[in-house]
Structures are given as C-alpha cells and as structure tokens.
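Have a go at each task before you read its solution.

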Amino acid sequence: MPNQGNSRTGRAAGGVRELIAEALAERTPGGVRPGELDRGGRALRWVETGPGEGVPIVLVAGCGESSLTWAPLLPELAELGRVVAYDRAGLGASAPDRAPRLTLDAQVEDLAALVRHLDAGPAVLVGHSWGGQLAQLLARQRPELVAGLVLVDPAHEEFSPRAIALAEVALLRFSLLRTAIAPTEPDRGDALARAGAAAVARPYQRRAVLAEHRLTGRAVPALRRRRAAAPLPEVPVTVLSATEGLPRSLRARFTAAQAGIAAGADRGVHAVVPGAGHYVHADRPHVVAAAVREVSAPARIARNAGH
C-alpha cells in the first residue's frame, strides 16, 4: 500500500509544477520544458529553456526561493543555450527531503546531482544570495562540474548582521503564518501570482523555507572552513553587487565582502550595479544576462573546439 503522506506530497508538487511551468512559459520565448530527477525516492524538479545542447546554465535561487524568482531573467537567457532553473528540496515543485535536519551537504549534493544528470559537461552556475554560496561550495568541492560562476549579490558568511537576520526571520514567519491561516486568492489572470501562491501553500513548503533560513545562520562556521580549505577553480567568476536596500554603511560592508570573492578568484571580476536592489536579476536583468554571456563564452568556445 503506498504511503499516503508521500502520495499527497507528490500530488501537491505535481500541481505546483504545472503552475510554475505555465507562469515561466508565459514570459519565456520558446516556452519551458519540465525536468525531474529521482533523488532516493524524492523528486528534484526544474524547468529549462533554450536549445537542448550547449553549455548548461544552472540558476540557483536565493534562500527560501523557488525557480519563479528567475522569471525576469529567463527571457534574457533563452538565446544563450540550455538554461535550467531548479527548486531545492521542499521548495516550489520539488519534494521535501525526509532528513530531520537540512544540511549544507544535502543542498550541494542535490546541485551536483542535477549538473551530472544534465550530462552536458560542466555548467555555468548563476547563484543569487544564498544560491551564490551554494554555487561557490560546489565549485570548491567539485570543480570538474563548474565552467564558470555568476554570483548575483551573493550572501557571505562574514556579512550576517544579527539585527537584520532576526528581523527577516520574524517577517518571514509572520508572512508564512498569514498564508497558512488566510491564504490570499491570487488574481486568476496572473499566472505568476497563482504559481507564487502555490509555492508556499503546503506546510512542507513553508517548513522548507524556514529550514533554509535557519541553515544560513547555522552554517557560518562551516562556510568559513570550506572557503579557507579550497580556492575557487580557475574559471571565470563575475560577482555583481547591488546598491539599494540597505543603509549605506551596511551596504559598503556587504559590497566589500563580495568584492573579496572576486579578488580571491584567478579570473574574478567584481561589478557594482547602480540602481539595483538585492534582486539584481529583477531590477537589471540585462546586466545579469550580459555577465552570464561573458562568463559562458570561454566554455562555449572550448566545447565547440572539442567538437
């Protein structure tokens, strides 16, 4: 007899998967294609666009975010090649991990498994915020899987002001609680709003969002150790910093930490994006797309030469 809990989770994820695909297809030339990978009995899911061949570009979302966060950027990237926007365990359309506690290793291993599954050689990783940390971890631990990095206002373990973190968690808990008690009915004509509501409609999705936020604080010592233990590989690395959304002194500290990431890479570039908030890919998608194009170029040239 099938496990009813897993069956219910599977049906729920299936529904949100369709809504996410519909919302992203609406905004992406050529539409999107769904993908799924079995990770020991749970489904890791994504959407992809662009031609099926070429150097894959894998989009790694920020903390607690689903693939929907990339809606403004996908149209800009579709012409570059195979672009994959995935949902981490329990977020968006992906099934939750059964492990009692979320770990860095589990998130990095899922990302590694996805890149291997694409079976197209090393990927260019585009990581926003927490996703930028995960992209760097994979590059340090499995450099053969990474052809380049574009880090979009990436999180940094040396910039985690406690007051901001506490405020973010409090606001997040309030928002998720309000969603659970009295979910807002989205505009039926807005596919993105429908998908966004479905992405936090289930208890396991809300638990996954909170678990990631807890992990970002708990993982600081491990992130320091791993940064010190292994350098970034000799691949192009572009770090994009926002300018808006924080008091000037805090923004300066955050930007300095991000500049240090680029300085520590053999082929690192750091750029500040005027007028952009933390979601640089939403405020200035063309800037992020240009960075992805530049970072991807060497891998495309090497691939074509190999053929």
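**Exercise 1. A covered helix**

Task: List the residues of α4 that are buried.

Solution. This is a predicted model, and a residue counts as buried when its relative accessible area is under 20%. Going along α4, the residues that pass are W130, G131, G132, Q133, L134, A135, Q136, L137, L138, A139 and R140. That is 11 of the 12 residues in α4, and the helix is mostly covered.

Next, look at the length of α4. From its first C-alpha to its last, α4 reaches 17 Å, close to the 16 Å expected at 1.5 Å a residue.

**Exercise 2. Positive phi values**

Task: Work out where S129 and D153 lie, and whether each is buried or exposed.

Solution. Take S129 to begin with. S129 lies in the loop between β5 (123-128) and α4. Its phi is near 55°, a positive value in a residue other than glycine. With a relative accessible area of 14%, S129 is buried.

Turn to D153, in the loop between β6 (146-152) and α5 (162-181). D153 is not a glycine either, yet it has a positive phi of about 40°. Its relative accessibility is 0%, so D153 counts as buried.

Finally, connect the two. Setting aside neighbours within four places in sequence, S129 is in contact with G62, V152, D153, P154, A155 and H278. D153 is therefore one of the contacts of S129, as heavy atoms within 4.5 Å make a contact.

**Exercise 3. A loop residue and its partners**

Task: Describe the surroundings of E65.

Solution. Locate E65 in the loop between β3 (57-60) and α2 (74-77). Its relative accessible area is 21%, so E65 is partly exposed. Leaving aside neighbours within four places in sequence, E65 is in contact with L91 and Y279.

**Exercise 4. Another helix, then the whole protein**

Task: Compare the reach of α7 with its expected value, then describe the protein as a whole.

Solution. Helix α7 (residues 203-218) has 16 residues and reaches 22 Å from its first C-alpha to its last, close to the expected 22 Å. Its buried residues are Y204, Q205, R206, A208, V209, L210, A211, E212 and L215.

Now zoom out. The protein has 11 helices and eight strands. Of its 307 residues, 52% are buried. The protein exposes about 13800 Å², and carbon and sulfur atoms supply 55% of that area. Among contacts with a separation of 6 or more, 76% join residues 24 or more positions apart.

Notes
Residues numbered from 1 in each chain as written. Predicted model: local features only at pLDDT ≥ 70, side-chain atom pairs only at ≥ 80, totals over all residues. Heavy atoms only, no water. Helix = DSSP H or I, 4+ residues; strand = E, 2+ residues; numbered from the N terminus. Buried < 20%, exposed > 50% of the residue type's maximum accessible area, 1.4 Å probe, protein only. Areas by Shrake-Rupley, 256 points an atom, 1.4 Å probe, with all protein chains shown as cover. Expected span 1.5 Å × (residues − 1).
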